Amino acid sequence: MNRRAGMGPRAPFQPITPAQPSTTQDGTPYSEAFEDVYHSVGGPLGQARHVFLGGNGLPERWRGREQFVIVETGFGLGLNFLATWAAWRDDPHRPARLHFVSVEKYPFRPQDLRRMLEPMLVQPGMSELAPMVQRLCDVWPAPVAGWHRLELAPGVVLSVGFGDALDLLSLLRAGADAFYLDGFSPARNPDIWTPEIFKALGRLARDGATLATYTAVGQIRRDLIASGFQVARHHGYGPKRSMLAGPYAPPYRMRRYDPPDPPVAPSPRAGEAIVVGAGMAGAAMARCLVARGWRVRLFERAQAPGSAASGNPAGVFHPQLSADDNVLSRLTRAGFLYALSQWRTLPGGLPGRADGLLQVATSDDEALALQHLLDTHAYPESYAKWVDVAQASALAGETLAHGGVWYPEGGWLAPAMLCRAELVAAGASLDARYGVNVERLARREAGRWTALDETGRVLAEADVAIVTAADVSQKLLSPYLSSEFVPLKRVRGQLTFLPPDALPGLRVPVCGEGYVAPSPLGGAGPITGATYGFDDPSPEVRLADHQANLRRLAALLPAHAEAFGDNGLANERAAEALGGRTAFRALLPDRLPMAGQLPDMDAIEPQRRRLTGGHLRDLPRLDGLYASFAFGSRGLVFASLCAELVASQITGEPWPIGSDLADAIDPARYLMHALRKA
């Protein structure tokens, strides 16, 4: 299989080129890249309602459904999405969740999308969409490559991918009920009207899926039919005499993998889930499931949420950059952006700050490499930008030795407060129990899961169980997946709490070799760290680790080298008086999380020989058992995204990341490595 199926080398990274705001003389939005208008001369909403809603039999077809998924080629100004959202809003028989999935190679910057859409609100039929336009513009992401998950309203989810359409659609995991083909005209934008694109759509089509497009070009019709879409000409909109619409009805199936099944019709009993662990992973997991109408039983051994590694008084967060935009870069980018969108909706707001973080170079060579990386990738300045040593020092409020990367939306949070805020946001559908130990997870004959304590007493029974407590993950999962395939390491980390009057000028977290964050909530002093100790089980706060943290801090902030070095706070007597905290990170050899559905070893065993040449999607999965843990030192960046991925798998919704990234964190990946070597 080629790279577009996720099995071969990736294409070189291509920066996103934003669309430029432009209009024709009569004010119609116009694309300079494609020399074409963004909507029909008949009005901004008429084509959307006639061609795309009408051509797909909407809203009638979505009635009585638990969810409905629409996949679109060409987001543009979002007019089709806005028209569909309005139809969903106005339909009393609408599905509980509407997923709209779209791709866009040339997305507008947030300010430019607003600049283009707001003048259109005076046009007929548009004024009623004003609150929706405002909301879309408020959450619209910066033009950064990859998938962006946007929750516009309860039950309305927009997943928009920025980049090459074929790359994005080939890696999309979704089951589509309807397709909108709305790229610029085939003559002006041929790359989005190819047989390869149509075949990628066919791989996403659920039974009964339909497709509609404004064009009726003969070659497009023939290519769609060859890809399994039985489209026919229908009366077009405005000056267009014809359009195409029809069902996905291939004469025979050629798909290796079927798309995710839709959930069963709503039942009187809400879905029920057991979540083990109330750290960042468990709190985010509970919130995601409750938002989908599930009831959650959450169990935590400690007496409060966020008591283990999530109990540190402050943690910093930012994406990871790389020259080749590798898996870690793409995954932290997706996690960082999604987490920010979730945190901003928490009751009480962010328990911390997201107003900037500096990643400074540690040498002249590293500074040149970082500057070259940022020049090459051309990230929006709202995401990441290079700052020289003078700019970096001004932003930090401290004198630095080198320039670095400025993340305007990076920052720090209090993880335990974040956990509590997410659990509060989950509301009454969450039953959280503390001081309770889940010793074992057992599967019932009916397919349900039970959590049992050390006496064998049943604590809860549910449709699914999700293990988010990394420290007990191997024990709980071992009956179903051998610990050799969950090669977890505990990595000891010690923080050092600086005196309250230390670094009064420090404005933002500064990272390099180690990090320092300003005074956290509550008026305590700045925090610096953290050590990284493998095969070190000691929970004690140690003098030697304080000294190691302080020496790194002295190198990070050279103007304070004397104050924090061996003649200052790192002096044995001074360091002994400092407070600190030790916690244990859970880490896998590839330093990526483990998030998703567990493999079914009983079903795999008879197929071992066949599966040696297989792919992760070929592995049978264990109904109802999932994991989300092993975040290492990136829990703030990974927790929300991994929870959303697992919740999407459970409910058959479009995944928030491409299959390449989902495979990289699949709980079966170490098993798959072993099968391929067998």
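**Strands, cores and a buried aspartate**

Colleague: Which residue of β22 stands opposite threonine 450?

Modeller: Glutamate 461 is the one across from threonine 450. Before we go on: this is a predicted model, where local features need pLDDT of at least 70 and side-chain atom pairs count only at pLDDT 80 or more, while totals for chains, interfaces and linings use all residues. Residues are numbered from 1 along each chain as its sequence is written, and side-chain values use heavy atoms, with hydrogens and water left out.

Colleague: What makes β21 and β22 a pair?

Modeller: Two strands pair if DSSP finds at least two bridges between them. β21 (residues 449-452) and β22 have 4 antiparallel bridges, so they count as paired. β20 and β21 are also antiparallel, joined by 4 bridges, with arginine 440 opposite leucine 452 in β21.

Colleague: And why are β20 and β22 called edge strands?

Modeller: The open sheet runs in the order β20-β21-β22. β20 (440-443) and β22 (458-462) each pair on one side only. As for what a strand is, it's a DSSP run of E, at least two residues, and a helix is a run of H or I, at least four, both numbered from the N terminus.

Colleague: What sits in the turns of the hairpins?

Modeller: Between β20 and β21 there are 5 residues, and glycine 447 in that turn has a positive phi of about 90°. The hairpin of β21 and β22 also has 5 residues between its strands, with glycine 456 at a positive phi near 90°.

Colleague: How do you know that both faces of β21 are covered?

Modeller: In a regular strand, side chains alternate between the two faces of the sheet. Here Trp449 and Ala451 on one side, and Thr450 and Leu452 on the other, are all buried.

Colleague: Why is aspartate 112 called buried?

Modeller: Buried means under 20% relative accessible area, exposed over 50%, partly exposed in between (1.4 Å probe, protein chains only). Aspartate 112 has 8% relative accessibility, so it counts as buried. It is located in helix α3 (residues 110-117). Beyond its neighbours within four places in sequence, aspartate 112 has contacts (heavy atoms within 4.5 Å) with Ala19 and Pro21.

Colleague: What makes a set of residues a nonpolar core?

Modeller: They must be buried Ala, Val, Leu, Ile, Met, Phe, Trp, Tyr or Cys residues, joined through side-chain atoms within 4.5 Å. The largest one has 82 residues, and Phe81, Leu136 and Phe179 have the most contacts inside it. Helix α2 (residues 79-90) gives the most to this core, 8 residues. Apart from it lies another core of 78 residues, including Ala278 and Tyr383.
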